[in-house]
Amino acid sequence: IIDLSKASIICSSKIAHPVRETAIKVLQEEVAQRTSINLRLISRWKNTPVIILASIKDDEINGVPVPKRSGAELPEMKAEGFRVVLNQSGGKDILWLIGADERGVIFAIGDFLRTAELSKKKILFNKINEAATSPVYPIRGHQLGYRNTANSWDAWTPGQYEKYIRELALFGTNSIENIPFQDDAPGPNMKVPRKEMNIRMSDICNNYGLDYWVWTPADVDLSEKAKFEEEVKKHADFYQECPRLDGVFFPGGDPGNNDPRFVMPFLKRIAAELKKYHPKAGVWISLQGFSDAQVDYFYEYLHENNPDWLAGVVSGPGSPALADTRFRLACKFQPTSFSV
């Protein structure tokens, strides 16, 4: 067991902004909350124990070699993986929190906070709690739609949203899904307007390196040209305002009763708008509520058009069976499932 009660923090410059600043802030605030110890950020090695936030891309930090193992299949080398390891330099203890990427650094901090002994004016870490791990599933998200029908977070402030999202991230969440459009009536408990919170949530996710997803059903009749165009503009305006946006999920039903003959052209249009502002983002669809004939039309559309703008298919309540979805999808489309 090593004593880090007098430790300082050193952070790699290879951890990209803004997650670098967030990681430092999270480590300092969460440790202070539990111990009343304020970990100082230092730029140069001193004669004290240190906690080093590092990237797998680092070879050394302040002349101290980063402990590395060889092998591409090691957990800390995989996406969102991390390693927590102890060693010494000059007789002084170092706790390394090494991320394969920015998210890996946040997850490493979460692992440290769960396994360290944190008490009043004490930070102790046992070597048996060293770890190296990476996630099994690529999407690990929660829907936290800020709207009137929520029964808790519609009363939250932006600060409370950040605290909740932070805690999810420390336990390995990598995506947050909001509901920016549906249920437009302002709730009596809302501290800020929905439009403001939609953007604040995007900004929070960006600071933590998390995906920001949105669930965007169409309650209008997309067969009516004017409503179709209004809906496209609403999406485009929102996309432009978001600091970060990674996924747009369109449920075919629950709610929404639009035929895929109108849904697919609509999704193609909003996918083009999405790429203007968020080139790496994608549009997803579920087949909820589609009749057998409509499901057949959807797969015929995929076969005939091979749409590059469609990122994938979601299997939710009322969708065709997941096994059938996998069987009928082209290989490039990766289905996923969700629950609310």
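**Exercise 1. Find how many salt bridges a search of the whole structure gives, then examine the one between Lys122 and Asp3.**

Solution. Keep in mind that this is a predicted model.

- Step 1: Searching the whole structure turns up 25 salt bridges.
- Step 2: Now pick out Lys122 and Asp3, whose closest N and O atoms are 3.3 Å apart. A salt bridge requires a side-chain nitrogen of Lys or Arg within 4 Å of a carboxyl oxygen of Asp or Glu, and this pair forms one.
- Step 3: Lys122 belongs to strand β10 (residues 122-125) and Asp3 to strand β1 (residues 2-3), so their bridge ties together parts that are 119 residues apart in sequence.
- Step 4: Check the accessibility. Lys122 is partly exposed, with a relative accessible area of 36%, and Asp3 is partly exposed too, at 34%.

**Exercise 2. Work out how helices α5 and α6 pack, and which residues make the contact.**

Solution. Let's take the geometry before the side chains.

- Step 1: Two packed helices are described by the angle between their axes and the distance between the axes.
- Step 2: For α5 (residues 225-241) and α6 (residues 260-277), the angle is about 25° and the axes are 9 Å apart. Angles under 35 degrees count as roughly parallel, so α5 is roughly parallel to α6.
- Step 3: The crossing of α5 past α6 is right-handed.
- Step 4: On the α5 side, the contact is made by Phe228, Glu229, Glu231, Val232, His235, Ala236, Tyr239 and Gln240. From α6 come Phe262, Pro265, Phe266, Arg269, Ile270, Glu273, Leu274 and Tyr277.
- Step 5: Sorted by class, this contact has 10 nonpolar, two polar and four charged residues.
- Step 6: Look at Arg269 and Glu229, whose side chains meet in a salt bridge with an N to O distance of 2.9 Å. Arg269 lies in α6 and Glu229 in α5, so the pair ties together parts that are 40 residues apart in sequence.
- Step 7: Arg269 is partly exposed at 33% relative accessible area, and Glu229 is partly exposed at 34%.

**Exercise 3. Locate the salt bridge of Arg328 and Asp296, then list the residues of a salt-bridge network that includes Arg34.**

Solution. One pair, then a group.

- Step 1: The side chains of Arg328 and Asp296 meet at 3.0 Å, N to O.
- Step 2: Arg328 sits in helix α8 (residues 322-328) and Asp296 in helix α7 (residues 292-305), 32 residues apart.
- Step 3: Arg328 counts as partly exposed at 32% relative accessibility, and Asp296 counts as partly exposed at 32%.
- Step 4: For the network, salt bridges link Glu29, Glu30, Arg34, Lys163, Arg166 and Glu167.

Methods
Residues are numbered from 1 along each chain as its sequence is written. This is a predicted model: local features need pLDDT of at least 70, side-chain atom pairs count only at pLDDT 80 or more; totals for chains, interfaces and linings use all residues. Side-chain values use heavy atoms; hydrogens and water are left out. Axes are lines fitted to C-alpha atoms, for helices over the stretch in contact, and angles run from 0 to 180 degrees between N-to-C directions. Helices (H or I, at least four residues) and strands (E, at least two) are DSSP runs, numbered from the N terminus. Angles under 35 degrees count as roughly parallel, over 145 as roughly antiparallel, 65 to 115 as roughly perpendicular and the rest as oblique. A crossing is left-handed if the near helix is turned anticlockwise from the far one by less than a right angle, and right-handed if clockwise. Contact means heavy atoms within 4.5 Å. Ala, Val, Leu, Ile, Met, Phe, Trp, Tyr, Cys and Pro count as nonpolar, Asp, Glu, Lys and Arg as charged, and the others, Gly among them, as polar. Buried means under 20% relative accessible area, exposed over 50%, partly exposed in between (1.4 Å probe, protein chains only).
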